[in-house]
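Student: I would like a close look at one part of this protein. Please start with the whole, then go to the detail.

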Amino acid sequence: MRLHVVTGKGGTGKTTVAAALALALASGGKKVLLVEVEARQGIAQIFDLPPLPYEERRIAVAPSGGDVYALAIDPEDAMLEYLEMFYGMRRAGRALSKMGIVDFATTIAPGFRDVLVTGKTTEAVRRRNRNGRRVYDAVVLDAPPTGRITRFLNVTQEVAGLARVGPIKNHSELVSSVVKSPETAVHFVTVLEEMPVQETLDGVAELRSAGLPPGGIFVNMVRESQLPQSALDQAATGHFDAAELVLGLKAAGLADGAEATALAEALAEEVVEHAHRTELERTERESLAEAGLPSFELPLLADGVDLAGLYELAETIRTQGAA
Ligand SMILES: Nc1ncnc2c1ncn2[C@@H]1O[C@H](COP(=O)(O)OP(=O)(O)OP(=O)(O)O)[C@@H](O)[C@H]1O
Ligand SMILES: [Mg+2]
């Protein structure tokens, strides 16, 4: 795989997973480009860097060598680049830009905006150095959310009404050939809750019907159950015996008398809730399996995602064989 597109429901961890995947893919001496498209500076934030320019630059060193480069694509700059590449008119482009025409064009024709962004990304995938070798071993795209991903990637479809012949059409066909190639995989990030899981299944189906290649499912923020199955089974009935908890609290010297009873009852309620959630997560896992895609699980990091946490997630991705 050369192009890894990471999508998912908003807030489930697309940017986090894309960044960790880029680190995982780079490890062992590879060169990987991490691309962001929504002008949100999420990559800079996660790597604790100042805002990224529209320029590829090295942002991290991967475990056991290897480099992660990053690029924040700005649609306006991508358009200027495009005008220069196909019409040799960068200066004119700058003037147009000042007049707000670039903004106008990318706003009235969102399909055009998307083809600029995907075009820039696929150009990085195809780029070769003088010896004919690919410049990047892999490109990871922190993509728009599930609801928009198929339209975003289905570029030829989206610009069909815009251009039937000429450079835009040729360009979009080139982009499309990369996006639809076996070298591309569209990964879905989800958490084990009903809405994001349903959105993932719908997204996979939509992608398939558009002839686009689904990759893997990254189940993010997974919490390991702290309790043995027997305790979970008991609690799943809706009642968990507090008497044993009282004994435990007393033995540990944590509480005594009425205080121990009250605490044990509160804890028993927590256990019931935990058991219900674990049960729900199990059914969500089963639903996800219906997509028939490889699936990977990333733990919920208790302290949030700092740089160390990102490397930890990258390691998990590697050990599970996703990179
Ligand atoms: N495995 C994890 N453990 C703990 N916190 C996590 C984990 N993955 C993501 N987060 C946190 O969840 C929040 C959302 O993550 P992230 O920004 O990667 O999601 P996103 O899907 O890119 O969101 P958006 O839709 O806004 O772009 C962030 O605060 C991130 O630090
Ligand atoms: Mg994000």
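Student: What percentage of the 323 residues in the protein is buried? Then take me to Thr12: where is Thr12 found, and what does Thr12 touch?

Tutor: The model is predicted, so local features need pLDDT of at least 70 and side-chain atom pairs pLDDT 80 or more, while totals for chains, interfaces and linings use all residues. Residues are numbered from 1 along each chain as written, chains are lettered from A and ligands numbered from 1 in written order, and side-chain values use heavy atoms, without hydrogens or water.

Start with the whole. Buried residues make up 46% of the 323 residues (buried is under 20% relative accessible area, exposed over 50%, partly exposed in between, with a 1.4 Å probe on protein chains only). The protein has 14 helices and eight strands (DSSP runs of H or I, at least four residues, and of E, at least two, numbered from the N terminus). Its C-alpha trace spans about 85 × 40 × 40 Å along the principal axes. Take the contacts between residues at least 6 apart in sequence: 71% of them join residues at least 24 apart (contact means heavy atoms within 4.5 Å).

Now Thr12. Look in the loop between strand S1 (3-8) and helix H1 (14-26). Thr12 has 3% relative accessibility, so it counts as buried. Leave out residues up to four places away in sequence, and Thr12 touches Val189, Thr190, Val191, Pro196, Asn220 and Met221.

Take Val189 from that list. The side chain of Thr12 reaches the backbone oxygen of Val189 at 3.4 Å. Next, Asn220. In sequence, Thr12 and Asn220 are 208 residues apart. In space, their C-alpha atoms are 7.0 Å apart.

Then Met221, another residue that Thr12 touches. Met221 sits in strand S7, residues 214-222. At 34% relative accessibility, Met221 counts as partly exposed. Thr12, by contrast, counts as buried. Check the backbone of Met221 too. Its phi is positive, near 60°, and the residue is not a glycine. Most residues other than glycine have a negative phi.

Gln41 is another residue to check for phi. Gln41 is not a glycine, yet its phi is positive, about 60°. Gln41 lies in the loop between strand S2 (31-36) and helix H2 (42-46), whereas Met221 is in a strand. At 21% relative accessibility, Gln41 counts as partly exposed.

Back to Thr12 to finish. Thr12 is a buried loop residue, and the residues it touches include Val189, Asn220 and Met221.

Methods. A polar contact is a pair of N or O atoms within 3.5 Å; within protein, one must be able to donate a hydrogen and the other to accept it, and residues adjacent in sequence count only if both atoms are side-chain atoms.
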